[in-house]
Amino acid sequence: MSRGTVLGAHHLASTPDTVLWGELPCAADPAVVRISAGETITVDTVSHEGILPDQGRDPREFFARFGVPADRVPADAVAIAAALPRSAASGPHVVTGPIAVRGAAAGDLLAVTVVDLARRADYGIVSSRHGRGALPDSHPAGPVHSVFCRADGDEGILPLRQDEAAYRDAGRAIRFPLRPFLGIMGVAAAGAARPNSIPPGLYGGNLDITCLTVGSTLYLPVQVDEAGLYVGDPHYAQGDGEVALTAFEAPLRATLRVEVVPGAARIAGGRPYAETRELLIGIGLDPDLDEACRESVRAALDLLAHRYAIPAELGYAYLSAAADVRISQVVDRVKGCHTVIRKADFREWD
């Protein structure tokens with residue numbers, strides 16, 4: 001089941017031949033498709049929720065517990081769960097790619113703009129696992145706790161009843177805004193070893209930044225020639241921090257425009273960074289949350305210097321007076337923070 005029009009000049013389906021499960025591409029992985037800079041590509045992403053071993057590896061059987069008919073379960077998720085091997089040491093995510101971008105070289109920036117995100121299902125899962133998350137000592141009570149959610153229009157619905165009627169009739173429910181984004185966008189790592197899909201890095205990966213919605217652009221320092229772009233971990237909604245371990249996870253049809261900025265990988269100190277129509281976003285990553293915060297501030301200072309030629313001592317004062325430091329996530333081994341700068345504050349520079 002796929003929803004949404006294929007808007008891109010290229011279309012990439014998620015199949016056992018075009019995805020990795022729990023690992024990120026590296027330089028040794030061949031491209032599954034090749035595009036040119038400036039082109040668009042539509043990727044049908046698959047959520048890992050409902051296919052993991054602790055959920056039974058059969059998404060039709062898993063989602064039937066909440067009343068979802070078998071024909072409402074994406075066929076690609078069924079095929080991947082049945083056919084693709086996954087080691088116990090790997091991460092949970094289904095990652096589609098790598099996508100080669102002609103002309104991209106190590107030392108460039110890959111600019112990935114989110115053109116469109118269309119839901120491929122009207123339901124998904126928030127889960128806690130194995131004593132992880134922000135409260136590992138108390139939640140969940142058992143090995144895994146999967147909470148069913150529905151999507152209706154622009155609204156997420158978390159039914160208080162979690163049974164076979166949850167899909168058809170939410171009854172009393174918690175309702176919250178939907179804000180779809182891709183938790184994973186990245187470029188292939190240098191070398192012949194695939195990184196685990198859980199911790200993000202300078203290549204991007206599992207950033208889990210809620211600002212990366214339609215209209216946003218993520219800038220990724222290219223590590224290997226032709227970049228090796230990949231995407232995954234689709235979300236329908238997430239709170240900053242993603243405290244339970246996952247958020248509202250469900251499949252998206254994502255259309256992306258990909259461009260190359262030659263020789264620009266050292267902007268923001270070699271870190272990935274992002275922007276939207278309204279915001280510049282400095283990204284900080286570190287196993288220590290305090291250091292991730294500091295890294296995001298350093299990245300923001302670098303962006304202010306690059307974009308607006310603001311001296312560091314003045315930029316530092318501005319960040320303290322007007323910018324927000326947000327926690328991206330606290331659950332991915334490498335913690336994430338992002339410092340958010342309003343472009344409107346620099347309207348005299350435009």
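Which strands does helix 3 lie across, and at what angle does helix 3 run to strand 18?

1. Helix 3 (residues 289–308) lies across strand 17, strand 18 (279–286), strand 19 and strand 20 (335–342). Its direction is at about 145° to strand 18. Helix 4 (residues 312–322) also packs on the sheet, where helix 4 touches strand 19 and strand 20. The direction of helix 4 makes about 95° with that of strand 20. Please keep in mind that this is a predicted model.

2. The sheet itself is open and consists of nine strands in the order 1-4-16-6-13-17-18-20-19, with mixed pairing. Its edges are strand 1 (10–12) and strand 19 (324–329), each of which pairs on one side only. On average, neighbouring strands of this sheet are turned by 25° against each other, direction ignored.

3. Leu218 stands opposite Ala274 of strand 17.

4. Arg271 deserves a look. Its place is in the loop between strand 16 (252–261) and strand 17 (273–275). Is Arg271 buried or exposed? Its relative accessibility is 10%, so Arg271 counts as buried, the cut-off being under 20%. The side chain of Arg271 makes polar contacts with the side chain of Glu295 at 2.9 Å and with that of Asp302 at 3.2 Å. Leaving out residues up to four places away in sequence, Arg271 touches Leu202, Pro221, Ile283, Glu295, Arg298, Ala299 and Asp302.

5. Val95 belongs to strand 5 (residues 94–102). With a relative accessibility of 0%, Val95 counts as buried. Beyond its neighbours within four places in sequence, Val95 is in contact with Thr18, Val19, Leu20, Glu23, Leu24, Pro25, Ile184, Tyr230 and Val231. The C-alpha atoms of Val95 and Gly38 are separated by 22 Å, the two residues being 57 residues apart along the chain.

6. Strand 5 is also among the elements that cover the buried residues of helix 2, as are strand 2 (19–21), strand 4 (40–44) and helix 1 (59–64). The buried residues of helix 2 (residues 75–83) are Asp76, Ala77, Val78, Ile80 and Ala81.

7. The largest nonpolar core has 61 residues, of which Leu110, Phe148 and Phe248 touch the most other members. Strand 14 (residues 229–237) gives the most to this core, with five residues. Another core, of 13 residues, lies apart from it; Val297, Leu304, Tyr308 and Ala322 are among its members. In soluble globular proteins, nonpolar side chains tend to be buried together.

8. How many disulfides does the structure hold? The count is zero. Cys211 counts as buried, at 2% relative accessibility. Cys149 is buried as well, with a relative accessible area of 1%.

Definitions and conventions: Residues numbered from 1 in each chain as written. Predicted model: local features only at pLDDT ≥ 70, side-chain atom pairs only at ≥ 80, totals over all residues. Heavy atoms only, no water. Helix = DSSP H or I, 4+ residues; strand = E, 2+ residues; numbered from the N terminus. Buried < 20%, exposed > 50% of the residue type's maximum accessible area, 1.4 Å probe, protein only. Polar contact = N/O pair within 3.5 Å; in protein donor to acceptor, adjacent residues only side chain to side chain. Contact = heavy atoms within 4.5 Å. Pairing = 2+ DSSP bridges. Axes fitted to C-alpha atoms, helices over the stretch in contact; angles between N-to-C directions. Core = buried A, V, L, I, M, F, W, Y, C linked by side-chain atoms within 4.5 Å. Disulfide = S-S within 2.5 Å.
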